[in-house]
Amino acid sequence: METAADLQNTSELSQDLFEILGTHHLQFYVGNARQSAYYYRRAFGFELIGYEGPETGNPETASYVLKQNKIVFVLTSPILSTHPINDFIVKHGDGVRDIALSVGNADEAYKIATQNGAEGVTEPYTRTDKFGSVRVATVKTYGDTVHTFVQNIDYTGVFLPGFAATPKDPLAKPVGLLHVDHIVGNMGWNQMEDTVNYYKRVFGFSKFVSFDDKDISTEYSSLKSTVVANQNKWIKFPINEPAQGIKKSQIEEYIKFNNGPGVQHIAMESANIIETITALKANGVEFISTPESYYVTLAERVGTIDEDFKAIQNLSILVDRDDKGYMLQLFTRPQQDRPTLFIEIIQRKGGESFGKGNFKALFEAIEREQELRGNL
Ligand code: FE2
């Protein structure tokens, strides 16, 4: 376990302005939730546990709740053409709408957040069904992304009041994804600092680690990134913005196709990345490829690791070491035809980095794909 001294060594000591217990769920707005749910179940091993829609008394939207260990995704589609969720999907395509956080007190969270400059979306209210109650409230963050604060009062149901439990999922074969490690937001030009300040001011988060564009750049494209984290570091939000390069930054490509800021990737931790990536690949999940040259000097760069270098290379896994240990990671291709949201699989072996040492190798691989799409 980390001590306060560790925290002080690696980052500014943050103090949450209200009690944040962790990530409650991630809600995606998608064009066809039923089919997206099948994809995340079949490909990523999530288990369908809950549903809300016309059959449960909500005539406007259909939502599927998927779970794997501590990770909860909610996929929501509008059913009527007049529903405002359509506007999000037209503008952004399928993507993350809500990074919902478990809080100790939703009223307090909403009050403090809005007093400190967050724009309110939904004032605190109580949701109740026969399994009990939760108190929820929602504030805006970057782009059209929001944070819903969820306070469990006495709820014992499957997800949230209004959702029905679904029969045991015959499809789900878990691939070992445990919890969300970090969620990355892409901002437009020169917007990173404003968003970092938002998280400092509204939540009391602090700068976890930061890079400048010299760290994260290739000949062709570059970006700047600052990571903000809450007090116990369970919530980590790297915030990116494009930086000047010879050709278009991958962040710029995202901003163009997402029509503004939004969630770029969700990193989920596995306790055994080799098994997880092997299972995901067998299920048809497409990952970015890593240049062979990356592996020539890998052992030199990262030293001794528990994993077999050959297995790492066969799966295109990336490895990065910092003074705390090392981490392994791999990125999927975008999860929709727009080059926007993608998924990262990560395994930490003491390492606290986000893959700084891998950025160059990673971006060269991303840029090869960008070039194929004609967006470089
Ligand atoms: Fe990441």
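H182 and H265 are both buried, meaning under 20% relative accessible area with a 1.4 Å probe and protein chains only. The two residues also hold an iron ion, together with E344. This is a predicted model, where local features need pLDDT of at least 70, side-chain atom pairs count only at pLDDT 80 or more, and totals for chains, interfaces and linings use all residues. Residues are numbered from 1 along each chain as its sequence is written, and side-chain values use heavy atoms, without hydrogens or water.

**Iron site**
- The protein donors are H182 (NE2), H265 (NE2) and E344 (OE), at 2.0 to 2.2 Å from the iron ion.
- Donors are N, O and S atoms within 2.8 Å of the metal (3.2 Å for Na, K and Ca); water is not among the atoms, so sites may look incomplete.
- Along the chain, their spacing reads H-x82-H-x78-E.
- H182 sits in strand β10 (residues 177–186) and H265 in strand β14 (residues 262–270), so the pair ties together parts 83 residues apart in sequence.
- Strands are DSSP runs (E, at least two residues), numbered from the N terminus.

**Domains**
- Domain 1 spans 20–165 and domain 2 spans 175–373.
- These bounds come from an automatic or database domain assignment.
- The C-alpha centres of the two domains lie 25 Å apart.
- Their contact takes 41 residues from domain 1 and 41 residues from domain 2, counting heavy atoms within 4.5 Å.

Note on methods: Helices (H or I, at least four residues) and strands (E, at least two) are DSSP runs, numbered from the N terminus. Buried means under 20% relative accessible area, exposed over 50%, partly exposed in between (1.4 Å probe, protein chains only).
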